[in-house]
Amino acid sequence: MADLEIKDLHVRTEDREILRGVDLAIDRGEIHALMGPNGSGKSTLANTLLGHPAYEVTQGSIFFKGEDITEAEPHERAQAGLFLAFQYPVSIPGVSVANFLRMAINAKREEPIQVKEFRTQLQHAIDLLDVDRAFTSRHLNDGFSGGEKKRAEILQMAMLSPDVAILDETDSGLDIDALRTVAEGVQRLHDEQGLGALIITHYQRILHYVQPQFVHILMDGRIVLEGGVELVERLEREGYDQIRQEVGAAVGAGDGDA
Amino acid sequence: MPEPVAPLPRSDGASPQREKAGRHREATLYHALAGAGAGDGRSLAQLREVALRAFERLELPVWRRSGFWTTSLQTLELEALENDVSATAVPDVVRRALPERARAGRIVQSGGSVVEVELDPALAARGVILCSLEQAFELHGELASAWYSKRLPIDRNKLEAANAAFWTGGAFLHVPAGVVIEQPFEIVYAIERPGVAQYGRTLIVGGAASEFKVHEYDLAEDFDGEALHAGAFELYLQDGARCRLAQVQDWGRGEVFDVSTRFVGVGRDAYCHWLPALLGGHLVRQHLELAICEPGGDMAFRGLFFSEEHEHLDLFAVDLHEIGPSGGDVHWRGAATGESRASFEGLIQIDPGAQRTHTYLQIHSMMLSPKARIDAIPSVLVSADDVSASHGGTVGELDEAAIFYMQSRGLDRAAAVRVIVEGFFEPLIAELQDEPLEAVVREKIAAKLAAAREDIEAYATSR
């Protein structure tokens, strides 16, 4: 069984069913890209994997490192080694980036991390992500620019060393420099720590900087096409509509961002 | 400071002009003291006599605010309470609550008696006085009389009168001109058992260009039964004096009523940073007035409160500008859990002649349970034209998106809520600029959150 295994996942919100049978398997050290048009269910999948209370799993299951986590609390999933980089990171006023990181690290340890060890790790992550030292004493995401928020997400990912990270449209709204920094950060965590990643994106841009080994295309709540990096190139050439016609997925999926 | 003035007619809910105090039906905001003190050269004995007559004449006050808020003392059995002067030792609750730290001096009152006075001998040698207010009238009568009750009324309502008539012990601090002190003075009022009526009375005078810090602690053991703290506090800063005043109040789980009037007067070019942290009491009604009394005065008026269970908290904070140019900056934050109710009125009052006053008031509140309620009422009374005065604020609930965000990083729900609430108060706590005191406030807030954990969980699932 893969480290993260999603089987026949059906998910609904209060008003409608969004995922209609998703199967996906991700191992540590693998980089997967999940692509799809707006409204296909990408963010729903990301949030469901971390246990967001607004999404109800009606069928299927999620296994992580052999454990069924379908009903687990969000913090239990995180402590087990899952990570979600948010599309829209939330600001936490009054808490510095460094203090928040310390709390998050301590949440999955028996003994609190030693000050020296924490500093070393933090410095390493700062170097990796090309952020200013002063950044870590600012309140988390409070007044951050879009690029700073995404950098802060990757900084947290680097510090928490998850086994599998889900990056929910981390590339959206970034200029090319910020995009490159973020993408290189992911690539290095993959190379150095053996991070497994599910990069969820609407565009192809970020995939020029992080090379996925596996590409999945999500439409109308189902994975309709899978392949290697060549799928990204094809998508760039043909667009989602062409693929939609080919796989015969239901028309009219672009009805709002799910 | 201006010369003492005659008491003004008032239309406060507890006005002495009314036979049935507080029983009127008019919807009204509260009124500033606005200079209405008793300090007019009468002796202490005379003032006690006036206060006693007012006490006998007046009924227990009722405060009504704009028709939707009432603070009533009808469950207070005043006759059953006594001013207990039997204590001789520092209470356990004080030993538990106060941080180990360097200090300039400390005075502790338990019930009606002062049980400890300690003052750095080096400061005593420089003329600093820290003693009970009783002793101040014995040993430094001229100094104490000159300031005593200068801006605090003694016959406005029954409990202010009770304090002025019956106070024992008390605290007196005088920092002479030019003396600058790094470590804080600690003033402690403690109630150890039910049945006690504590008439705490503090008088502090900061001489010209003095600089000092005062930390007041109001504490009680967790007991079953009623007690009363009817407090009177006055602080006067002379020309160029600077003071950082903080107050940590936590009356525990007993039925402690706290009805207090507090006044801070800022003199010419003087400055006060005042931060009350009101963290618990069965029924708390405080009138907190910070007045710029002479040109060039400046102040930062901060405050935080946290009510829980069935507590009732009524705060009236006045930012008073009697003369300009002057500066003010008022910033309060409050949270409520359980079925507690808190009402905060912040008044900016700019008197005629207080030209070139610039002040701002903000109040932020956070409801942590479906049955908790916080009303925040800013009001502005301006009688000068060359001024700027404005107010703002927010009312909030727990942000579920922020909670999920933190959960996704491994924090459980309770920890996430704690981060949010602590983050909410943190801008003010950090302003204490005193690590031991900051730790005390943070720990008290954390303990209250832990106690309210189930309640907060229930709120989340109900939404």
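Guide: Start with contacts. This is a predicted model. Among contacts in chain A between residues at least 6 apart in sequence, 73% join residues at least 24 apart.

Visitor: What makes two residues a contact here?
Guide: Their C-beta atoms, placed from the backbone, must lie within 7 Å.

Visitor: How many helices and strands does chain A have?
Guide: Seven helices and 10 strands.

Visitor: Why is chain A called as compact as a globular protein of that length?
Guide: Set the value against the rule. The radius of gyration is 18 Å, and the globule rule gives 18 Å for 258 residues. The C-alpha atoms fill a box of roughly 55 × 40 × 30 Å along the principal axes.

Visitor: What share of chain A counts as buried, and what makes a residue buried?
Guide: The share is 45% of the 258 residues. A buried residue has 20 or more other C-beta atoms within 10 Å of its own.

Visitor: Which strands form the open sheet?
Guide: The order in chain A is β6-β7-β8-β3-β9-β10, with mixed pairing.

Visitor: Why are β6 and β10 of chain A said to stand at the edges?
Guide: Each has a single partner strand, so one side of each lacks a neighbour in the sheet.

Visitor: How do you know that β9 and β10 of chain A pair?
Guide: Pairing takes at least two bridges. Five join β9(A) to β10(A), so they qualify. They run antiparallel. A:Ile217 stands opposite A:Leu225 in β10(A).

Visitor: What does helix α7 of chain A touch?
Guide: Helix α7 (residues 230-247) packs on the sheet, touching β3, β9 and β10 of chain A.

Terms used:
Residues are numbered from 1 along each chain as its sequence is written. Chains are lettered from A and ligands numbered from 1 in the order in which they are written. This is a predicted model: local features need pLDDT of at least 70, side-chain atom pairs count only at pLDDT 80 or more; totals for chains, interfaces and linings use all residues. Helices (H or I, at least four residues) and strands (E, at least two) are DSSP runs, numbered from the N terminus. Axes are lines fitted to C-alpha atoms, for helices over the stretch in contact, and angles run from 0 to 180 degrees between N-to-C directions. The radius of gyration is taken over C-alpha atoms; the globule rule is 2.2 Å times the number of residues to the power 0.38. A residue is buried if 20 or more other C-beta atoms lie within 10 Å of its own, exposed if 12 or fewer, and partly exposed in between; C-beta atoms are placed from the backbone.
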